[in-house]
Amino acid sequence: MEEYRRLAQEKHKRFRAEQQRNVEDEGEDSSNQAGPHHVEPPEEVKDPFVALAEKYSNASERVNVNLLVPQKGTTRLRISIDAKIEEIRAAFQPLTVAMIYKGKRLSDDSTLRECGVSDEDVIHCWKTTTSKIPIEEETPALIDNIDPMYVLCALVLAVLAVLWGLLVTAGKRYFTPFSTLLLFALTGGAGILMREVFIPSGNFV
């Protein structure tokens, strides 16, 4: 009887030990399948102008092009002379721009060389809602895209020109010392306005 009880106890111990090993093995398998919690780092978004400059970094002939967006600033881009206009416009996305050089709207299929762009030239980039630029609508579209700030600056210059003309020709008749001082102040303010509109601070690539 004692021998039977001892054998039963040993059998029970072996059963419990086997159960424990099975539980531990299952836990290890679950951990291995799940693996450590790993979060992929967010992909770095490269500036499109930097990416474009790097794309043509080994080009045999490159030029520095100043892309001026009114009231936004200037981006200085070093790029191949054979780069297409479409590639440069794509770097402005999601902003859609029309690129204008020497009063002419540039076609997407043209290259900088074909457009006659030289080193350090300025290309004006006007915001537009048209993705494709029809060549036949160059002049009307350019007029439609004139910035109101340019019109305001032209009016201010015209008024200042008239006032300064009166001051020089008949200053004592129309101007007091206070009004003369006020004219100087207005001229200084107009100069600051012109600088912000025509020579905005820009980014450089």
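## Around Leu 67

In this predicted model, Leu 67 touches quite a list of residues beyond its sequence neighbours: Phe 49, Gly 73, Thr 74, Thr 75, Leu 77, Ile 88, Phe 92, Met 99, Ile 123 and Cys 125, leaving out anything up to four places away in the sequence. Leu 67 itself sits in strand E1. Is Leu 67 buried or exposed? With a relative accessible area of 1%, Leu 67 counts as buried, because the cut-off for that label is under 20%.

The chain also brings Glu 120 into this part of the picture. Leu 67 and Glu 120 are 53 residues apart in sequence, and their C-alpha atoms are 9.9 Å apart in space.

## The nonpolar cores

Leu 67 is also one of the residues with the most contacts inside the largest nonpolar core, a group of 25 residues. E1 gives the largest share, with four residues.

As a bit of background, nonpolar side chains tend to be buried together in soluble globular proteins.

Next up is strand E3, which spans residues 97–101 and is mostly covered, with five of its five residues buried. In a regular strand, side chains alternate between the two faces of the sheet. Here both faces of E3 are covered. Val 97, Met 99 and Tyr 101 are buried on one side, while Ala 98 and Ile 100 are buried on the other.

E3 has a partner in strand E5 (residues 122–127), and the two pair in the antiparallel sense over four bridges. Within that pairing, Ile 100 stands opposite His 124 of E5. E3 also runs antiparallel to strand E4 (residues 104–105), with two bridges joining them. Tyr 101 finds its bridge partner in E4 at Lys 104. The hairpin of E3 and E4 has two residues between the strands, and Lys 102 takes a positive phi near 55° there.

## One side of helix H2

Which residues of H2 are buried? Phe 49, Leu 52 and Ala 53 are. They lie on the same side of H2, because they cover an arc of only 100° around its axis.

The start of H2 has a contact of its own. A side-chain oxygen of Asp 47 comes within 2.8 Å of the backbone nitrogen of Phe 49.

## Salt bridges

How many salt bridges does the structure hold? There are five. One of them is between Glu 87 and Lys 55, whose closest N and O atoms are 2.6 Å apart. This pair links distant parts of the chain, with Glu 87 in helix H3 and Lys 55 in helix H2, 32 residues apart. Glu 87 is partly exposed at a relative accessible area of 22%, whereas Lys 55 counts as exposed at 55%.

Asp 108 and Arg 89 form another, with 2.8 Å between the closest N and O atoms. Here the link runs from the loop between E4 and E5, where Asp 108 sits, to Arg 89 in helix H3, 19 residues apart. Both Asp 108 and Arg 89 are buried.

Then there is Arg 113, which forms a salt bridge with Glu 61, the closest N and O atoms being 3.0 Å apart. Arg 113 is in the loop between E4 and E5 and Glu 61 is in the loop between H2 and E1, 52 residues apart. Arg 113 counts as partly exposed at 42% relative accessibility, and Glu 61 is partly exposed as well, at 39%. Asp 82 joins in too: salt bridges with shared partners bring Glu 61, Asp 82 and Arg 113 into one network.

Key:
Residues numbered from 1 in each chain as written. Predicted model: local features only at pLDDT ≥ 70, side-chain atom pairs only at ≥ 80, totals over all residues. Heavy atoms only, no water. Buried < 20%, exposed > 50% of the residue type's maximum accessible area, 1.4 Å probe, protein only. Pairing = 2+ DSSP bridges. Core = buried A, V, L, I, M, F, W, Y, C linked by side-chain atoms within 4.5 Å. Arc of directions from axis to C-beta. Polar contact = N/O pair within 3.5 Å; in protein donor to acceptor, adjacent residues only side chain to side chain. Salt bridge = Lys/Arg side-chain N within 4 Å of Asp/Glu carboxyl O. Contact = heavy atoms within 4.5 Å.
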